Amino acid sequence: MTTIRQRRVGKGTEAAEDQPSEETNVKPDGKILPDPPGGKLWNILSITVGGIVAISVGLLTSVYVATLHENDLWFSNIKEVEREISFRTECGLYYSYYKQMIQAASIQQGLHGLVYDNKTESVRTINILERMNVYQEVFLSILYRILPIQQYLEPVYFYIYTLFGLQAVYIIALYVTSWLLSGTWLSGLLAACWYITNRVDTTRVEFTIPLRENWALPFFAVQIAAITYLLRTHLQPARERLTLMVVFIATFLFSLTWQFNQFMMLIQALALFILDCLDMLPTAKVTWLYIIQISGLLLVCVLQFFNSMILGSLLISFNVSVLIARTIQKNLKKGGLLNRLGKLILHVLIVLCLTLLINKFIKKILNLQSDEHIFKFLKAKFGFGATRDFDANLYLCEEAFGLLPLNTFSRLSSTLLFYVYGFVLFLLTVAAVIVAFRNLSGSNQVQLKEKMEEYTVTLKPDAAYSLVHTVLFGCLALSTMRMKYLWTSHMCVFASFGLCSTEVWKLLLKCLHLYTSQRTQVVKYSIPIITLLYISFKFWPGIMDELSELREFYDPDTVELMNWIKSNTPSTAVFAGSMQLLAGVKLCTGRTLTNHPHYEDKNLRERTKQIYQIYAKRSPGDVYGILRSFGTDYVILEDSICYERRHSRGCRLRDLLDVANGHIMDGLGENEPDLKPSLYPRFCEEIKKNLPSYTMHFTRVFQNKTFHVYKLAKHK
């Protein structure tokens, strides 16, 4: 088991200049009045200072997470094999392709090895570039090879420093988004501070560096910042075209670097759809965003050798359906309240039916089954029938795919983030409901607005998008803990924007009959400054203590196993075992695997279930036959899985296998009536007794406190 122990001492842009913050800067016809000379100079100074602060905070965050990583593992002092083992589970698999490209004789040979890979899955040749999102590893390895840095920087440091550098991009994008929404860079600074002080819930980059989300989320944040700018009113055509280009590039990079991109962008598309239906966003801009999502995803599809999972994504089906439905219903936004509601209900039904039909048709044509495990998981998770499906239960039993723990909210509340977020969310939700009702009822004519100007509630398009975005991603995070990082980072943006927003304070003060322009400005700046001072006073000592705490990576059993494999097995040997461990075997030793953690392939899922029979109640002959069918030479058994206690009964891997095989589970507790006792004992336990029925197929060649390695006999 990998552990962390105490270290032994002896061991050797632009932001707000074209969107008026006050209504007095806009003519009745919507044109912007020129700023007075003093105001223009102040804007330039504010943008310059805000930009410098954004870059500084981004770089400091990058250094902060890099220092935490070094302090936690003593990364600079441990051996190469220990560094590689620290890239746990799928992280190690992704990094292995970077290492493979670095070690290849040439770039062309390295690319050929990825396109025709026969070491990731034994007795199969697969295209890694088609199956996995590893273009970032390819690009980084090529960059490392062509830059004159080999003598000064090890490949692993070039890799991790790039990821930590992307954290700077992430923070700057969050900062800019909050600045754009509120009109003051103070909001961006508050968002960055909340992101850092809530680091446990906003990022896990320091201990899961190569994870796909750590590559993708910075680009997603850039995309959201660009969309926020795009949705501003009075945007000049040249700037609008430039912003659309930034949105496209960020969408493309986000899609290229994470296999779950389609599900995240589907939620984004739903947000756009809702707001467009309620007439809260300009239809032309929403259409462009739909097209950008489709084109970005299709470009990734081409680069991934026409990956069928992308073509069969719900996102493409949904966006195409919306565009078709809008063509059919041309007068969607005309009429009174009841007329509009009727049209909207029909519109939603048409979009829903078209989405399902198009998606079903595409999957039928392509015979696509790569993502069926996700829908099985969702069906079981939300109570649409129990399942014995091994893959679905494997996800259901993992804490990361469970509901968001309640203690998350207590941590977020300790920094005041959740309290402020709830306050802003409530106010803007009320405003959104009022604006939506007014839009649908057709009561937003200019004359009425002029008569009721003092009492009319407004919500800018960019703020409306941010509101629906945070609500939908909040629902995702509440249902699936692993996705909380998409919500909590935007929570920082949303809360800081609300605290620094003239519109929010104006609305609140008007409700309390305390509104004056001067009072609004005082509250808008004083409350965020007080909040920043509170956060700094309360959390700065803890951050300093965290940075001074020194630990060391310590996993001698895994190090011993990897060294033994490299020294005592042929380079062509095929290894079977758990997905998580085999990723490390590939990275550290380069040996061929039977299975691995990248689970988005039906054949691999079926293969993994078969390999995992080593932890089920099966006969030695059955297990031997299964392993040999995949060309296995060695099998690694882990006591931590065979005698697992981390999960409760019913969620241990051996329990999932027993149920899938129709066998009763071990231990005290209920079993389903149709489950029967197995005719054989558990393989991983019985093999250690060296009985003749086992030794004729398996010979133990290595063992330590954690691992047992058996060599398979080669019967004719």
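Buried means under 20% relative accessible area, exposed means over 50%, and partly exposed covers the range in between, with a 1.4 Å probe and protein chains only. This is a predicted model, in which local features need pLDDT of at least 70 and side-chain atom pairs count only at pLDDT 80 or more, whereas totals for chains, interfaces and linings use all residues. Residues are numbered from 1 along each chain as its sequence is written, and side-chain values use heavy atoms, with hydrogens and water left out.

The structure contains 29 salt bridges, a salt bridge being a side-chain nitrogen of Lys or Arg within 4 Å of a carboxyl oxygen of Asp or Glu.

| Pair | N to O distance |
|---|---|
| Arg411 and Asp201 | 2.7 Å |
| Arg204 and Glu213 | 3.0 Å |
| Arg628 and Asp633 | 3.6 Å |

Asp201 counts as buried because its relative accessibility is 1%, while Arg411, at 29%, counts as partly exposed.

In the pair of Arg204 and Glu213, Arg204 is buried with a relative accessible area of 15%, and Glu213 is buried with 3%. For the remaining pair in the table, Arg628 is partly exposed at 29% relative accessibility, whereas Asp633 is buried at 15%.
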